[in-house]
Amino acid sequence: MGLTLTEKILNAHIVDGKAEKGSEIGIRIDQTLTQDATGTMAYLEFEAMGIPRVRTEKSVAYIDHNTLQSGFENADDHRFIGSIAKKHGIYFSRPGNGICHQVHLERFGVPGKTLIGSDSHTPTGGGLGMIAIGAGGLDVAVAMGGGAYYITYPKIVKVNLSGSLSSWCSAKDVILEVLKRLSVKGGVGKVIEYCGEGVKTLSVPERATITNMGAELGATTSIFPSDEITKEFLKAQKREEVWTALSADADAVYDEVVEINLSDIEPAAACPHSPDNIKSVNEIGEMKIDQVCIGSCTNSSLLDMLKVAHILKGKTVHPDVSLSIAPGSKQVLNMLAQCGALSDLIDAGARILESACGPCIGMGQSPNSKGISLRTFNRNFEGRSGTKDGQIYLVSPEVAAVSALTGVLTDPRTLGEMPKFELPEEFIINDNMVVTPATPDEADSVEILRGPNIKPFPKTSPLDESIECKCSLKVGDNITTDHIMPAGAKILPLRSNIPAISQYCFTVCDEEFPKRAEALGKSVIVGGVNYGQGSSREHAALAPLHLGVKAVLVKSFARIHRSNLINAGILPLTFANEADYDRISEGDDLAFENLKERIVKGEDVVLKNKTTGEEIICKCELTDGTKAIILAGGLLSYTKENI
C-alpha cells in the first residue's frame with residue numbers, strides 16, 4: 001500500500017512515537033518562524049531555556065503585525081527581537097520586508113521540510129510542499145532549542161481537484177468551497193492534501209492561498225505536491241537548488257476524499273461572522289459596500305496584485321468606497337513599482353499600505369459603524385476588524401477590485417474574458433531587509449535590548465492535588481482567540497506584557513471578567529464547541545493563566561489553543577456528556593477532588609458542583625508527554641527540568 005505525501009514527510013521526520021493514526025508523534029522541525037505579535041514571548045521563553053543558539057536548519061523572526069509605532073512599545077519589541085535574533089542564530093526580517101508567510105514562501109520555504117510558526121497561518125508553506133504547522137510560541141521556542149514538536153498522527157483528507165478555474169474565478173473561491181463543505185471544525189485532527197489533474201493548473205501563490213486559509217478548517221495543515229510548477233516558482237526566486245519532486249503514491253489510501261471540479265467554482269464570499277458562512281456572490285446580490293481591503297497573507301502575492309491593477313487601470317474607485325491595498329512583501333511592492341502596476345493602483349484612488357498584516361488583525365483601517373467591508377483576508381470574526389458592528393465579507397481580490405469600482409458587491413465575470421496572468425521568469429531578489437545573525441564567536445558580544453514594556457513569562461506551578469474554585473465565566477460555541485484575547489492597534493502593543501494585556505482578556509464577552517477573575521484568585525472557565533478557534537496566539541492561554549484560571553471545561557477544543565493551554569499548565573477538560581454543560585452556571589462553586597491522582601492514572605476527572613450538589617464526569621485525554629507537561633505546570637517548566 002502506497003503512502004500519501006503527508007505520510008512520507010511526517011514519517012521521515014518522526015523522532016518519537018509510531019506512524020499510527022491517532023497516536024502521538026514527535027517530529028523533527030527543520031525550520032521555524034515567528035512574528036512580532038507572538039515573537040517577543042517566544043524569545044523570552046527560548047531565553048529561559050538557557051540554550052545559546054538555535055538548533056534548526058533555519059529560523060526566521062519577522063516583523064509584520066505590530067508595525068504601527070504609535071508609542072514606544074512596538075519599537076522596543078522590534079529592537080528586542082532583532083537583538084535576540086542576532087545573538088541566537090536567527091534571521092531577522094525587518095519591518096517593511098513583508099508578511100511572514102509571503103516572504104517565507106518567496107525566500108525560505110523548502111519542499112519536503114517541516115516548519116512550525118507562532119502564527120496559525122503557517123500552513124501557507126504547504127503551497128510549496130512543506131509540512132507547515134501553526135503552533136504556540138512556546139512550542140516554537142522548544143523546536144528552536146532542538147526539541148521535537150508533538151502532534152497527533154493525523155487523518156488525511158484527499159481533495160481531488162479536476163478541471164480548471166473559469167475566468168475571474170480564483171483560488172480564494174476554491175478554499176471557500178472547501179470551507180462550505182467541511183466547516184470551521186471539519187479539519188480538526190486532519191491534514192488536507194490536494195491531488196488530481198487540477199493541481200497542475202494552479203500556480204504556487206494560488207496553492208498558498210488555499211493552504212493558508214485551510215487554517216480556518218481547524219486542520220493540522222494543508223499541502224500540495226511539489227512538482228514542475230513548484231520548480232519554476234523556485235527557479236524564478238533563484239532558489240531552484242532546494243527543489244525536490246514530491247507527491248503521493250498512486251495507490252495511497254486516504255481517510256476521506258472530497259471531489260472538486262475547478263470548472264464548477266464560482267465567485268463566493270464568507271459572510272459575517274464566520275469563514276464557513278459561504279454564499280455565492282450572485283446569491284448575495286448587489287449589496288452596497290463601504291470599504292474594500294486587499295492584502296493579507298492570504299491574497300497579497302504579485303499575481304493577486306497584478307490582477308487587481310488590471311481591473312483598476314484607467315478607472316476610479318467609487319466615491320462611497322474606501323479602498324486600501326497592502327502588497328505582501330517588499331519584493332511584490334518593488335515589482336509593482338517597476339512594471340507600472342503600482343501607478344495604476346494609485347491613479348485609481350487606492351490607499352497603499354505598507355507590506356504588513358495591517359487591517360487583517362485590526363491594525364488600522366477599521367470600517368465605519370455597521371460598515372460593510374469586503375476583505376481578501378482569512379477571518380471575519382466579530383469585532384476583529386476593530387469595529388464591533390462591522391460587517392466583514394471575505395472575498396477574492398478579483399471580487400474586491402471590481403466591487404471597489406461599482407460600489408456594490410459585484411461578480412467579476414461581468415468583466416468578460418480574463419487575460420492570461422503569468423508569474424515572471426525572474427523575481428527581483430533583494431534580501432537587504434533580512435539581517436543575518438552573528439556567528440557563534442560574535443554572539444557573546446551582542447547585547448539583548450529590552451524595553452520597559454517587556455515582562456517575564458508568567459509564573460506557573462505544578463498541578464494541584466485538588467482544585468476548589470468558582471466558575472468565573474461561561475461562554476458558548478465557537479469562541480475564538482479574538483474573543484479570549486483581542487487584537488487591534490490598542491491591545492497588540494501589550495503582547496510582551498502579560499499583566500497589562502490580561503486586563504483585556506474576554507472583555508469582548510464580559511467587560512468585568514479580568515477584575516472578577518483576579519479577585520477570585522483561581523477559577524474555571526466553561527465553554528461550548530470548538531473553543532479557541534482562530535489564531536495561534538498563546539496569549540489566549542497566558543492571560544487566563546495570569547488571571548488564575550486553573551482549568552477550562554468545554555464541549556470540544558480547537559487544536560492549537562488546547563496545546564497552548566497545556567503548555568501554560570492549564571488543565572484542558574471536556575464534558576463526557578455534552579448535556580452536562582447546562583448543569584454549570586457562572587459563579588457556581590466547583591471542586592475537583594483527587595485531581596492529580598486521577599490525571600496520573602489516566603482516569604476521568606470528577607467535578608462536583610458544590611452549588612447544586614451534582615457530579616459531572618469530565619474527560620482529560622492526555623498523552624504521556626502532555627500529561628508530564630501538565631503535572632510539571634507547563635511546557636517551560638517541563639523543558640527546564642528535562643533539558
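Predicted model: local features only at pLDDT ≥ 70, side-chain atom pairs only at ≥ 80, totals over all residues.

Biologist: OK, what volume does the largest pocket have?
Modeller: The volume of the largest pocket is about 1300 Å³. On a 1 Å grid over the protein atoms alone, a pocket is an open set of points where a 1.4 Å probe fits, with protein on both sides within 12 Å along at least five of seven lines, and lining residues have an atom within 4 Å of a point. A volume is the space filled by probe spheres set on the points, which are joined across faces, edges and corners.

Biologist: And which residues lie nearest its centre?
Modeller: Of the 48 residues that line the largest pocket, Glu24, Thr152, Arg562, Ser563 and Thr626 lie nearest its centre.

Biologist: Which helix gives the largest share of that lining?
Modeller: That is α19, with five residues, and the elements that each supply at least two residues also include α5 (137-144), β8 (149-152) and α21 (624-632). Helices (H or I, at least four residues) and strands (E, at least two) are DSSP runs, numbered from the N terminus.

Biologist: How does the lining divide into nonpolar, polar and charged?
Modeller: The lining of the largest pocket has 21 nonpolar, 15 polar and 12 charged residues, where Ala, Val, Leu, Ile, Met, Phe, Trp, Tyr, Cys and Pro count as nonpolar, Asp, Glu, Lys and Arg as charged, and the others, Gly among them, as polar.

Biologist: What about the second largest pocket, how much space lies in there?
Modeller: About 710 Å³, and 29 residues line the second largest pocket, with Thr201, Ser203, Glu206, Phe421 and Glu422 nearest its centre. The largest share of this lining, five residues, comes from α8.

Biologist: Switching to the backbone, where is the cis peptide bond?
Modeller: It joins Pro272 and His273, with omega of about -5°, and His273 sits in the loop between β13 (268-270) and β14 (278-280).

Biologist: Which phi does Lys370 have, and is Lys370 buried or exposed?
Modeller: Lys370 is not a glycine, yet has a positive phi of about 60°, and at 62% relative accessibility Lys370 counts as exposed, a class that means over 50% relative accessible area with a 1.4 Å probe and protein chains only.

Notes
Residues numbered from 1 in each chain as written. Heavy atoms only, no water. Buried < 20%, exposed > 50% of the residue type's maximum accessible area, 1.4 Å probe, protein only.
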